[in-house]
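Dear colleague,

I am handing over the structure below, and after it you will find a written account of what was found. Please read the two side by side.

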Amino acid sequence: MKKLMMIAIMMIAAVSANAQNEAGQASIKPMAGINLATMTKTDDSKMRVGLAAGLEFEYGVADNFGISAGVLYSMQGVKGKGVWLGGAGPVDLTYKFDYINIPVLANYYIVPGLAIKAGVQPGFNVKKKVAVEAAGVKDDVTVDDVKGFALSIPVGLSYEFSNVVLDARYNLGLTKAIKDADSKHSYFTITLGY
């Protein structure tokens with residue numbers, strides 16, 4: 001494992017990094033990637049893999065510090081097993097909770113191109129369905145008690161090389177996803193931007 005980490009570090013160091021925005025400069029970055037989503041306090045659950053895509057705007061406040069804000073379409077939720085429709089089951093359930101998220105992040109550049117970032121992210125629900133599969137029959141059902149607003153704290157790293165930005169964030173949910181449950185969103189977002 002140590003050898004693998006050293007090889008990865010040497011490969012990153014060998015790639016030419018572009019400098020981040022200097023003080024007073026701004027940039028817009030389209031980005032797309034995946035979410036690896038789960039929800040807290042869900043038994044026997046599995047990750048839902050979904051799309052994350054949007055734009056981010058970054059402004060250089062100082063030579064090694066910037067502020068960014070964006071708009072991301074984010075497929076969140078979780079997969080699991082359960083009982084559905086008056087005790088019929090067990091059934092496979094996929095909770096498809098999609099959001100428009102607005103990440104606002106502070107970006108500190110450790111070295112040119114490599115940033116650590118943290119901030120706050122309000123999100124607005126745009127899809128609240130559960131895909132139910134039992135005995136080969138599939139159906140999508142709307143869930144009415146999904147909360148329309150979600151707040152999370154994103155923390156992560158990004159690395160820019162040849163105008164391409166690899167960004168990895170963990171998003172820790174602060175608000176309940178469903179009104180009468182304690183589950184909160186918890187997911188990783190990995191994107192490429194230009």
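**Fold and contacts**

Among contacts in the protein between residues at least 6 apart in sequence, where contact means heavy atoms within 4.5 Å, 62% join residues at least 24 apart. Please keep in mind that this is a predicted model, in which local features need pLDDT of at least 70 and side-chain atom pairs count only at pLDDT 80 or more, while totals for chains, interfaces and linings use all residues. Residues are numbered from 1 along each chain as its sequence is written, and side-chain values use heavy atoms, with hydrogens and water left out.

The secondary structure comes to one helix and ten strands, with helices (H or I, at least four residues) and strands (E, at least two) taken as DSSP runs and numbered from the N terminus. Read from the N terminus on, the elements run α-β-β-β-β-β-β-β-β-β-β. The protein has 194 residues, of which 35% are buried; here buried means under 20% relative accessible area, exposed means over 50%, and partly exposed lies in between, with a 1.4 Å probe and protein chains only. The accessible surface of the protein comes to about 10700 Å², and 66% of that surface belongs to carbon and sulfur atoms; accessible areas come from the Shrake-Rupley method with a 1.4 Å probe, and for residues only the protein chains shown count as cover.

Leu-55 has its place in strand β2, and at 46% relative accessibility Leu-55 counts as partly exposed.

**Salt bridges**

With a salt bridge defined as a side-chain nitrogen of Lys or Arg within 4 Å of a carboxyl oxygen of Asp or Glu, the count comes to eight. In one of them, the side chains of Arg-48 and Asp-98 meet at 3.1 Å, N to O. Arg-48 lies in strand β2 and Asp-98 in strand β4 (residues 88–101), so this pair ties together parts that are 50 residues apart in sequence. Both Arg-48 and Asp-98 are buried.

A salt bridge also joins the side chains of Asp-92 and Lys-81, at 2.4 Å, N to O. Because Asp-92 lies in strand β4 and Lys-81 in strand β3 (residues 65–84), the pair ties together parts that are eleven residues apart in sequence. Asp-92 is partly exposed, with a relative accessible area of 33%, whereas Lys-81 is exposed, at 58%.

Arg-169 forms a salt bridge with Asp-167, and the closest N and O atoms of the pair are 2.8 Å apart. Arg-169 counts as buried at 4% relative accessibility, and Asp-167 counts as buried at 1%. Through salt bridges that share partners, Lys-29, Glu-56, Lys-117, Asp-167 and Arg-169 are joined into one network.

**Three further residues**

Asn-171 is found in strand β9 and, at 2% relative accessibility, counts as buried. Its side chain and that of Thr-189 are joined by a polar contact of 3.1 Å, a polar contact being a pair of N or O atoms within 3.5 Å, where within protein one must be able to donate a hydrogen and the other to accept it, and where residues adjacent in sequence count only if both atoms are side-chain atoms. Leaving aside residues up to four places away in sequence, Asn-171 touches Gln-121, Ser-152, Ile-153, Pro-154, His-185, Ser-186, Tyr-187 and Thr-189.

Ala-118 lies in strand β6 (residues 114–134) and counts as partly exposed at 36% relative accessibility. The C-alpha atoms of Ala-118 and Pro-154 are separated by 5.6 Å, although the two residues are 36 residues apart along the chain. With residues up to four places away in sequence not counted, Ala-118 touches Val-104, Leu-105, Ala-106, Pro-154 and Val-155.

Ala-181, finally, is found in the loop between β9 (164–176) and β10 (184–193), where Ala-181 counts as partly exposed at 25% relative accessibility. Ala-181 and Thr-42 are 139 residues apart in sequence and 9.9 Å apart in space, C-alpha to C-alpha.
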